[in-house]
Amino acid sequence: MSTKPLRVIVLMCSTRPGALGPAVGRWLIDAIAPRATELGVELLPVSLGDLALPFLDEEEEPASGVYRHEHTKRWSAMVDAADGFIAVTPEYNYGMPAAFKNALDYLGREWAWKPMGFVSYGNTSAGTRSVQHAKQVVTTLRLVPLGATVALRIADTVDGGRVRPDAGRDQAAIGVLDELVRLAHALRPMRERPRSGSGPLPGSYVRALTPDDAAEVLVLQRCCWLEEALANDTLAIPALEESLEQVRAWLATWRTTGLWRDGRLLGMVRARRVGDDWHVGRLGVVPDLRGQGVGRWLLREAEAAVDAGCRRIVLSTGARSRDNIRLYHAQGYRTESSDSATAVLTKPVPADGAVGVSDVEPAEVG
């Protein structure tokens, strides 16, 4: 799971001048901000009144993702960048505000597989019927509503246009944030998969790894390079010795491809240009999926990305990793040099840049 910070939009849904929504929103943000900092969450307050969205005026259906108006494009970018939402909503005539429904209707894929929590306010029902109404709509958009909610009965909680201090109420708001964060992390693979390339295994997808993925990469390295250590009778292998910060540092400079399924990093490979050479390394596959073509597929991805003008592909493995060396020879590599620790193998890049890969499963490379 990526450790990238979550962005949560706190959406004030009333557009009525003088409405209580801004005061409720301020209370909510003040109550949950310390916990958000602890969880690494960025809170972004957004008022629908400030967005000034007209009633839906796009010619194409929202599901198309084709937007003509700048106000729609701005709203799309804002929602697309968010990982979750907390709607602060009143109740109007047993339902949610029309402006809230309109804002939801503007977009399609941007909402999918993100959690939405609710803080409602009102009189007799404390706004709960607004939340019931909204949940019917947000589930259709593949938003996932939380079970935890906060409902404020105005007569009991508001004094002079401000929400009265109450430790229990604050704790309930923190509970909404906690549940939203857990669900946002759990749903991340669902959000990533439609935006990423398909992988070689059912349900798998491929995306570029970033420094936010350093923790997963560190675990994969410790898992995959143990066999390399045993074969070469040494623990002096960079992939086993690196700290989390060192992994994070090289992820910022290498072009690294990760294969994922259901939030699990299944394999990876990195590559970058050094002079006229295309260096490939850190090719690893989780032990339970070896022999299924995953490593071969990752190697093909790294080779296909070779920069124009590169003359050869270079990789290395342990000098005593005989199986690895034999397998890479079968892929068209030849041993360029070898000392007591490391074997360096190379493959020329054809003039057309198309690098062939055989059907032999490769092992890990350093």
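Tutor: A residue is called buried under 20% relative accessible area, exposed over 50% and partly exposed in between (1.4 Å probe, protein chains only). Because the model is predicted, local features need pLDDT of at least 70 and side-chain atom pairs count only at pLDDT 80 or more, while totals for chains, interfaces and linings use all residues. Residues are numbered from 1 along each chain as its sequence is written, and side-chain values use heavy atoms, without hydrogens and water.

Start with Thr256, which lies in strand S10 (residues 255-261); strands (E, at least two residues) and helices (H or I, at least four) are DSSP runs, numbered from the N terminus. Thr256 counts as buried because its relative accessibility is 2%. Leaving aside residues up to four places away in sequence, Thr256 touches Arg207, Ala208, Leu209, Trp250, Leu251, Val269 and Arg270, a contact being heavy atoms within 4.5 Å.

Two of these neighbours, Trp250 and Arg270, also meet each other: the charged end of Arg270 sits over the ring of Trp250, 4.5 Å from the ring centre. That wording requires NZ of Lys or CZ of Arg within 6 Å of the ring centre and within 35 degrees of the ring normal. Arg129 is placed likewise over the ring of Tyr94, with its charged end 3.6 Å from the centre.

Rings also pair with rings. Phe, Tyr and Trp (its six-membered ring) pair if their centres lie within 6.5 Å, with planes under 30 degrees apart called stacked, over 60 edge-to-face and the rest tilted. By this rule there are three aromatic pairs. Tyr328 and Tyr333 are edge-to-face, because their ring centres are 6.0 Å apart and their planes stand at 90 degrees. Both tyrosines, Tyr328 and Tyr333, are buried. Trp75, Phe85 and Trp111 make up one aromatic cluster.

The backbone has its own points of interest. Most residues other than glycine have a negative phi. Ala52, however, has a positive phi of about 55 degrees, and Ala126 has a positive phi near 55 degrees. Ala52 lies in the loop between helix H2 (48-51) and helix H3 (70-80) and counts as exposed because its relative accessibility is 54%. Ala126 lies in the loop between strand S4 (115-122) and helix H5 (128-140), and at 8% relative accessibility Ala126 counts as buried.
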